[in-house]
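Visitor: I have a structure open and would like to learn how to read it. Where do we begin?

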Protein chains: 2
Amino acid sequence: MSEKNGSGIPESTIERLPQYLRCLIELQALGVPLVKSERLAALCGTNAAQVRKDFSYLGELGTRGIGYEVAALVEHISQILGVKERRKAAIVGYGKLGAALHGYPGFPERGFEVVALFDVDPAKVGQVFDGLAVHHLDEAPKVLRELGVEIAILATPPHAAQLAADAVVEGGVKAILNLAPTRLVVPDDVNVRQVCLSTDLQILSFRLAQQEGAR
Amino acid sequence: MSEKNGSGIPESTIERLPQYLRCLIELQALGVPLVKSERLAALCGTNAAQVRKDFSYLGELGTRGIGYEVAALVEHISQILGVKERRKAAIVGYGKLGAALHGYPGFPERGFEVVALFDVDPAKVGQVFDGLAVHHLDEAPKVLRELGVEIAILATPPHAAQLAADAVVEGGVKAILNLAPTRLVVPDDVNVRQVCLSTDLQILSFRLAQQEGAR
């Protein structure tokens, strides 16, 4: 939740960069060479002033009255986000959610390759799904290092998430996307992003409650 | 992304309330009557000053040197979030991800009940999963109104998300949790929360790139 990240780019801008990148890649695919802040803002669901402010942190990228060069922006944002090369990911917990994530087309499209699967269920360990064998979690430290996995996606039950985190940290993983509703304890140099769908629903519920109150 | 929500409570505080609520409910289950800001902060992964600041927006809830009454906080935050009564939700798109969400224990625990399933695949429509029949999306406007569904969780492929959103909005739904990587166009009084796991992975990738640069 810190606003400092050492790059000189505010956290709130970083959070918007993936969305900009997605829209810019779409424009690039359509053969659009230049884009004005107004158009990009409309595509990304923000406003032109926000786009200009966010891009001001990235250096001199646009020309007044002409717009931004799409290809240069794609290149530059990809570099900032560190997604120019594919990064290897592993899925830990191969239940319904883990299996759904394994088939998620957004991961390869955005530069992430799932290269390993882990579970503790003897019925799943050793089985092959879409060309990948499920390893036992005990093997994670060894397998993750051998494969050079950088990111672990945890889709375990809540009580198993910390054990899974410990195993992937031992395997050299420095980035965890945690879909279990469990707060993880990890070393300072490991980055965790917590996805909590119940929290998202509660925030939606707050907005519904406000609308009801306003009626 | 607006910071204004009409409640007088900053958006950033609203975003943290679900996490506080979860920790407070755990403390309540353990029979803890009072909690100091330091302890609650440690449980929620924030700091005591942040807890005190966030709670200052909720009114006079704590006593200096003694702490906050756990039960009163649970009651109060539940009311603000509008989760005192169960809210009915529907899942649209019953593929692997939709099925995984249907079994997600966090939803009922946090006050949300999945009461309807929708898909367009003839092989799924009419089938029953965990006691719920899958309806065709065409029936959504009628079924959602009959059941009083307030929240729709979209787990469709990207190209089908807007069609799904249109159907649930026609059914009176005012809150959408969208797991498809598609920006939805909805009326102003419909709240959308976008879950984008690829974006989360890209933000993790940014942190990895920074660590690599710092080495």
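Guide: Begin with the interface. This is a predicted model. Between them, chain A and chain B bury about 5,900 Å². Carbon and sulfur atoms carry 61% of that area.

Visitor: How many residues does each chain bring to the contact?

Guide: Chain A brings 63 residues, and chain B brings 63 residues.

Visitor: How many salt bridges cross the interface of chain A and chain B?

Guide: Look for a side-chain nitrogen of Lys or Arg within 4 Å of a carboxyl oxygen of Asp or Glu. The rule finds four across this interface. Take Arg207(A), which forms a salt bridge with Glu11(B). Their closest N and O atoms are 2.8 Å apart.

Visitor: Now one chain by itself. What do I count in chain A?

Guide: Count helices and strands. Chain A has nine helices and 10 strands. Then look at its extent: the C-alpha trace spans about 60 × 50 × 35 Å along its principal axes. Of the 215 residues in chain A, 51% are buried.

Visitor: How do I read a sheet?

Guide: Strands of a sheet pair through backbone hydrogen bonds, either parallel or antiparallel. Follow the order of the strands, then their sense. In chain A, three strands form an open sheet in the order S1-S3-S2, with antiparallel pairing.

Visitor: Why is one side of S1 and of S2 in chain A left without a neighbour in the sheet?

Guide: Strand S1 (34-35) and strand S2 (62-63) of chain A stand at the edges, and each has a single partner strand, so one side of each has no neighbour in the sheet. S1(A) is joined by two bridges to strand S3, residues 67-69 of chain A, and the two run antiparallel. Val35(A) stands opposite Tyr68(A) in S3(A).

Visitor: What lies across S1 and S3 of chain A?

Guide: Helix H4, residues 70-81 of chain A. It runs at about 65° to S3(A).

Visitor: What about the sheet in chain B?

Guide: Chain B has an open sheet of three strands in the order S1-S3-S2, again with antiparallel pairing. S2(B) and S3(B) pair over two bridges. There, Gly62(B) stands opposite Tyr68(B).

Visitor: Which residues touch the most other members of the largest nonpolar core?

Guide: That core has 98 residues. Leu24, Leu40 and Ile77 of chain A touch the most other members, together with Leu24, Leu40 and Ile77 of chain B. Beyond its neighbours within four places in sequence, Leu24(B) contacts Val35(B), Leu40(B), Val70(B), Leu73(B), Val74(B) and Ile77(B).

Technical notes. Residues are numbered from 1 along each chain as its sequence is written. Chains are lettered from A and ligands numbered from 1 in the order in which they are written. This is a predicted model: local features need pLDDT of at least 70, side-chain atom pairs count only at pLDDT 80 or more; totals for chains, interfaces and linings use all residues. Side-chain values use heavy atoms; hydrogens and water are left out. A nonpolar core is a set of buried Ala, Val, Leu, Ile, Met, Phe, Trp, Tyr and Cys residues joined through side-chain atoms within 4.5 Å. Buried means under 20% relative accessible area, exposed over 50%, partly exposed in between (1.4 Å probe, protein chains only). Contact means heavy atoms within 4.5 Å. Two strands pair if DSSP finds at least two bridges between them. Helices (H or I, at least four residues) and strands (E, at least two) are DSSP runs, numbered from the N terminus. Buried area is the accessible area (1.4 Å probe) that two parts lose on being put together, summed over both. Axes are lines fitted to C-alpha atoms, for helices over the stretch in contact, and angles run from 0 to 180 degrees between N-to-C directions.
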